[in-house]
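Thanks for coming. I will go through one structure today, starting with a loop and ending with a pair of helices.

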Amino acid sequence: MKLIKQSGLVIFLIGLAFFIGTIFTGSFSLTPQELDTFIIEKGYKSEVIKDELSKAIVNKENLNIFTFSSKVITAFETSNKHYDALIAKYNTEKNWTKKGQQYQYKISGKLRSKSFTLAKKAGKGFAPNNTALAWFLTFGLGIIGALLYIVPDVVLLGKPGIKNDGIFLNAATNRGWIGWFAFIFLVTFYILLYFYPDFIVNWVYLVDPISKSISRNPASQWFLYGFLYCTVMTVMAVRMYIKYRNNKYQILRTTSVLFFQIVFAFLIPEILVRFDKPWYDFKNAFPLDYDFFFRWNLDELLASGTFGLFILVWGVVLTIVVVPIMVYFFGKRWYCSWVCGCGGLAETLGDPYRQLSSKTLLSWRVERIIIHSVLIFVLVMTGFALYTFFSGANQVIGIKTQTIQDIYGFLIGSIFAGVIGTGFYPIFGNRVWCRFGCPLAAYLGFIQRFKSRFRITTNGGQCISCGNCSTYCEQGIDVRAYAQKGENIVRSSCVGCGVCSAVCPRGVLKLENGPEDGRINPTEILLGNDLDLMGLVNKK
Amino acid sequence: MEHIVIIGNGISGVTAARHIRKNSDHKITLVSAETKYFFSRTALMYVYMGHLTFKHTQPYENWFWDKNSIDLKEGFVNKIHTDEKKLEFKDSSSLSYDKLIIATGSKPNKFGWPGQDLGGVMGMYHKQDLENLEKHAPNKEVCKRAVIVGGGLIGIELAEMLRSRKIPVTFLVREASFWNGVLPSQESEMINKHIKDHHIDLRLSTNLKEIKSDENGNVKSIIIEETGEEIFCNVVGLTAGVTPNIDFLKDSGIELKRGVLVNRFLETNIADVYAIGDCAEQHEAIGQRRNIEAVWYTGRMMGETLAQSICGNKTAYKPGHWFNSAKFLDIEYQTYGWVFSEESKQVNETYFQWQHPKDNKCITISYDVNTRKFLGINTFGIRMRHEIFDRWLTENQSIEFVLEYLTDANFDPEFYKLHEAEILAKFNQENNTNIQLKKKSWKRIFSF
């Protein structure tokens, strides 16, 4: 068994090495016809760009993705510089007509995306040409290796029960060197995904056939991300099933997040695209889905007929009716730990890191400031977006809606939710985004704290203050601080993962939905001690 | 404003300090020779097992004490001068008090076995024991085998700790079945089997004769009393119960027996000197409780009670209905009310028992055979609500009532398989009754 486990690790690492190595393979070159098509498709008016691109990337040999991408970007920059120079020239000549004419030649948008689009057409080599083999050596070996590593735990972990032996003695899970490597890998991955998609074009080739079979379109980096996300969640869900096989709540919860991720976040949106409908994840609620009210999205939905309208109505109803009602009855866990994709990744890939979240009072303060700031940010931004949409003005009180949206997308959507949110799993625990950043969690939290039937009940005086609950709370709640006083835990940040209850050695904690009366029960004296309570009360 | 000095920063002392602070502005000093900051002793095992770091065992952050103006003094009290109201420390410094609370807890029992002070022989009680274990048993290469002597709660925890690092363990238990002085045999036998399932070499009805030394003064082996067998090992865990840690009080004039003798108000024979927690011994037992209770929550309750008295609301220590809990490897155990083992129960006490055919789950309900009064319940592998049983015990409910409403008491996580129907069916069959199970009712559960 141990041998299987170890060989699994080796196979996984080989797969990982192939995966990383794939980035550096292949050569990139366009034919003149391909370039023509691209320029016509994009409708560039620049007279320089075609020449520049043609010099840079047409009929080239041995251009790897990095040189290719830098050449493409130089070409676009040269084109734009050319017209910038003309603009400056006409400006000094005060030839306003000519100056004005130049702007149409400038090419706007993210250069990295253009470089990605070109690279996607230009690649030849291992990943685009031997996709099946390349997929097997990367994804295939990764999956097989990971499963071989995980499945022997059925035997190796021994009898069902709490399996946290050695967690703080292991360099992977105690912020040791393996944790730091995982951190660097994850952060790099997210930076590439969000800001250098052209560098990972070879990975995108690997999932092209899958994308085509679902949506008929070639894969984008987002399809790659979606596929990888589902794969990682599935493999790590197997680990959850084994680790928590004594605990039905964990098993069902894991199955649920896995289902919603694969079906709602991955398959349905891609199938919608196949039928020329807008890409939409029906469970992704605003304000986590922060661009729902952006002009481009509303325009697209309104242009998609009844179905688009349905999505629009559903999106609004989901946020203002479904979400609060469900939180009233079940707590925010129904979303955060049973449905949400971010939560899903945190509860599968992130489970080995849950103990790393900080429990200090200071971090609780920081948490409340940041998460509520993000909520205000998203609401103000959405206000701007809706104002812009209905009024047609592209700015409010002198601030451009687009600028605000770009800042949010960059800082919150990419850096916070992605790079920090997931990249920092091995350092700050698995719910960094959910705890400090997610505006939807902040909104659900208000309802959970002030109007909900959900609580974690503390079982009288049984707590022995051991601290397992607090340690394994991914949201950094000091559960023990409540339990040892005999108080129920009613906290806006609790995502109801149920692990505090699972790891408690004395059966002290139970997640339940009960009457609102007595849900919050500050206790002066613990159960079992027959003090004269009326005397205490009268003294006050 | 008085100066309250508390010797011992365990759960009793710290609870007293916190509640005195809540209710007064007395100056409070917590004295400890073990660690500066309070930690949860019950969690030490999880540090060795790698579930927690030592920091996680500290329920309060380090700034807490300063913020609540509770002074912490590290030092070992050598002597108490009650006439001068002064403590004398090992480093010959001293500290005056107006009121003194002794909360020094316990220490592991040693029964004068030859070799009991050798290197590698240890209890599992203090933080220093943990460090010692880490030194002598860091892994299975250094510690090729460990022998644990004494079949109680700490013994089985120590076995679990060592097994988490794959160290072979031999577990010597004096009794014929694990903890059978406390547990009914159904449960005791289930635990025996569970211990063996965890590859622990359980030796029942077995006593330690002596511990043998190697040339460096470390443990080499132990000899078994009954058979003379020699078992080679690198660590010996002595877990045969605990005694009050009160040696330093010998000449203080404070009345001692096994522990510090106290009345119901937790007062000693000397004015302004109190004792709480494991080291306190009641002159007369409270109900069916023992005179000395080395239990986490009784220490806490004594701390709560004494804090009331010291803050002007003189209060007797009245622990309510007995309850407790523990975990035997993977099996959780809770008890409410009194369930005595076969050997120590009275004639009027009888059991209703149920055991799961496959899983490690069982219950024993003890009731009065004449009045049908419910006396207590042991549950293994099933969690139960403390509030509910506390209420039922106060209301003197019958065994039939308890079974009828058993679903209200269940505290297992959601979606767990419930066994109340099977339990009740067995009772009905054995007693020729036809009790129908009531559906769980939130209203009943929270009606208090």
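**Loops, an interface and a helix pair**

B:Asn432 is found in the loop between helix H11 (420–431) and H12 of chain B. Helices here are DSSP runs of H or I with at least four residues, strands are runs of E with at least two, and both are numbered from the N terminus. This is a predicted model, in which local features need pLDDT of at least 70, side-chain atom pairs count only at pLDDT 80 or more, and totals for chains, interfaces and linings use all residues. Residues are numbered from 1 along each chain as its sequence is written, and chains are lettered from A and ligands numbered from 1 in the order in which they are written.

B:Asn432 is not a glycine, yet it has a positive phi of about 55°. Is B:Asn432 buried or exposed? B:Asn432 has 6 other C-beta atoms within 10 Å, so it is exposed. The cut-offs, with C-beta atoms placed from the backbone, are 20 or more other C-beta atoms within 10 Å of a residue's own for buried, 12 or fewer for exposed, and anything in between for partly exposed.

Now chain B as a whole. Chain B has twelve helices and 25 strands. Its C-alpha atoms fill a box of roughly 70 × 60 × 40 Å along the principal axes. A compact globule of 448 residues would have a radius of gyration near 22 Å, and the 24 Å of chain B agrees with that. The radius is taken over C-alpha atoms, and the globule rule is 2.2 Å times the number of residues to the power 0.38. Of the 448 residues, 47% count as buried.

Next, the interface. The contact takes 48 residues from chain A and 45 residues from chain B, where two residues are in contact if their C-beta atoms, placed from the backbone, lie within 7 Å. On the side of chain B that touches chain A, at least two residues each come from helix H7 (296–310), strand S21 (323–328), strand S22 (331–337) and helix H8 (386–394). H7(B) gives the largest share, seven residues. That side of chain B divides into 16 nonpolar, 16 polar and 13 charged residues. Nonpolar means Ala, Val, Leu, Ile, Met, Phe, Trp, Tyr, Cys and Pro, charged means Asp, Glu, Lys and Arg, and the others, Gly among them, are polar.

H8(B) is mostly covered, with seven of its nine residues buried; B:Phe389 and B:Trp392 are among them. The cover includes S21, S22 and strand S25 (374–380) of chain B. Just after H8(B), B:Asn396 takes a positive phi of about 50°.

Last, chain A. The axes of helix H13 (residues 221–243) and helix H14 (residues 248–274) of chain A come within 10 Å and cross at roughly 170°. That makes H13(A) roughly antiparallel to H14(A). Axes are lines fitted to C-alpha atoms, for helices over the stretch in contact, and angles run from 0 to 180 degrees between N-to-C directions. Angles over 145 degrees count as roughly antiparallel, under 35 as roughly parallel, 65 to 115 as roughly perpendicular and the rest as oblique. Residues of H13(A) that meet H14(A) include A:Tyr229 and A:Met233. This contact divides into eleven nonpolar, five polar and no charged residues.

In the loop between H14 and H15 of chain A lies A:Asp276, with a positive phi of about 55° although it is not a glycine. The peptide bond from A:Phe286 to A:Pro287 is cis, with omega near 5°.
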